[in-house]
Amino acid sequence: MITAAQLRASRALLGIDQRRLAELSGLSVPTIQRMEASQGVIRGNVDSLMKLTAALDAAGIELIAEGTVSSDGGRGVRLKPAVAPAATAG
């Protein structure tokens, strides 16, 4: 599984635009745009998702699922769990 946020972050880490990712994955630019505009986990054609994740993997991106550790221990980016704001004393 890959989320829209992971996809956008992956592109940012690689320093590529949507057009280049489309070329690398064999998908269309509108497909990449639709995936990035999704909320949460990207849903779509299994073949398209496989092409996307294979292209990211070949480019050096490791997708880290929530609650897991990186297998190679390399640098990465991960969102911390949301923290509730502290209550103010009144």
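**Note on the predicted model**

1. Arg-19 is exposed, with a relative accessible area of 57%. A residue is called exposed when this value is over 50%, so Arg-19 qualifies at 57%. The structure is a predicted model.

2. Where does Arg-19 sit? Arg-19 is part of helix α2, which spans residues 18-25.

3. Helix α1 covers residues 4-14. Which of its residues are buried? Ala-4, Leu-7, Ser-10 and Arg-11 are buried in α1. These residues are on the same side of α1, because the arc they cover around the axis is only 125°.

4. The other face of α1 is turned away from the buried side, and Ala-12 and Leu-13 are the exposed residues carried there.

5. What covers the buried residues of α1? The cover includes helix α2, along with α3 (29-36) and α4 (46-58). Helix α2 is also the element that holds Arg-19.

6. After α1 comes Gly-15. The phi of Gly-15 is positive, near 70°.

7. On confidence, the protein chain has an average pLDDT of 86, and 82% of the residues score at least 70. Among the elements of the chain, α2 has the highest mean pLDDT, at 98, whereas α1 has the lowest, at 93.

Notes. Residues are numbered from 1 along each chain as its sequence is written. This is a predicted model: local features need pLDDT of at least 70, side-chain atom pairs count only at pLDDT 80 or more; totals for chains, interfaces and linings use all residues. Side-chain values use heavy atoms; hydrogens and water are left out. Helices (H or I, at least four residues) and strands (E, at least two) are DSSP runs, numbered from the N terminus. Buried means under 20% relative accessible area, exposed over 50%, partly exposed in between (1.4 Å probe, protein chains only). The arc is that of the directions from the helix axis to the C-beta atoms. Contact means heavy atoms within 4.5 Å. pLDDT is the predictor's confidence in each residue, from 0 to 100.
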